[in-house]
Amino acid sequence: MEQGLRDCCRSIRIGKILIQSDEETQKAKVYYAKFPPDVYRRKVLLMYPILSTGNTVIEAVRVLIEHGVQPKHIILLSLFSTPHGAKSIIQEFPDITILTTEVHPVAPTHFGQRYFGTD
């Protein structure tokens, strides 16, 4: 998703967040976060391709808020979303905007494998 954004918006400022969820507890842990210094003054496109439980995105939004970004300035871009994941995010952060191509009860687990050619 990042490369597509860079291709159409060449001068866009991009930050990074690395979050991994524990396989047993599903608790998300932040390992790395780096943003442009003025991120708190910007609208933020948070790109997350497959939204399943919402736990990882909720943690990412918390990190953005810690850096001064208002939830109403965060737009989540997702290719696929489950109703549960979208509801979890909206319950936690009602001012966030979610844009997705499809909402379905089952998230496609094969997407990453096909996209990256590892299937």
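The lining of the largest pocket draws at least two residues from each of α1 (2-8), β1 (16-21), β3 (44-47), β4 (50-51), α2 (55-66) and α4 (111-116). Helices (H or I, at least four residues) and strands (E, at least two) are DSSP runs numbered from the N terminus. A pocket is an open set of points, on a 1 Å grid over the protein atoms alone, where a 1.4 Å probe fits, with protein on both sides within 12 Å along at least five of seven lines; lining residues have an atom within 4 Å of a point. The model is predicted: local features need pLDDT of at least 70 and side-chain atom pairs pLDDT 80 or more, while totals for chains, interfaces and linings use all residues. Residues are numbered from 1 along each chain as its sequence is written, and side-chain values use heavy atoms, without hydrogens and water.

With six residues, β1 gives the most to this lining. In total 43 residues line the largest pocket, and Ile17, Leu46, Met47, Tyr48 and Pro49 lie nearest its centre. The volume of the largest pocket is about 1,400 Å³, taken as the space filled by probe spheres set on grid points joined across faces, edges and corners.

The chain comprises four helices and six strands, in the order α-β-β-β-β-α-β-α-β-α from the N terminus. The radius of gyration is 14 Å, close to the 14 Å that the globule rule gives for 119 residues, so the chain is as compact as a globular protein of that length; this radius is taken over C-alpha atoms, and the rule is 2.2 Å times the number of residues to the power 0.38. The C-alpha trace spans about 40 × 35 × 25 Å along its principal axes.
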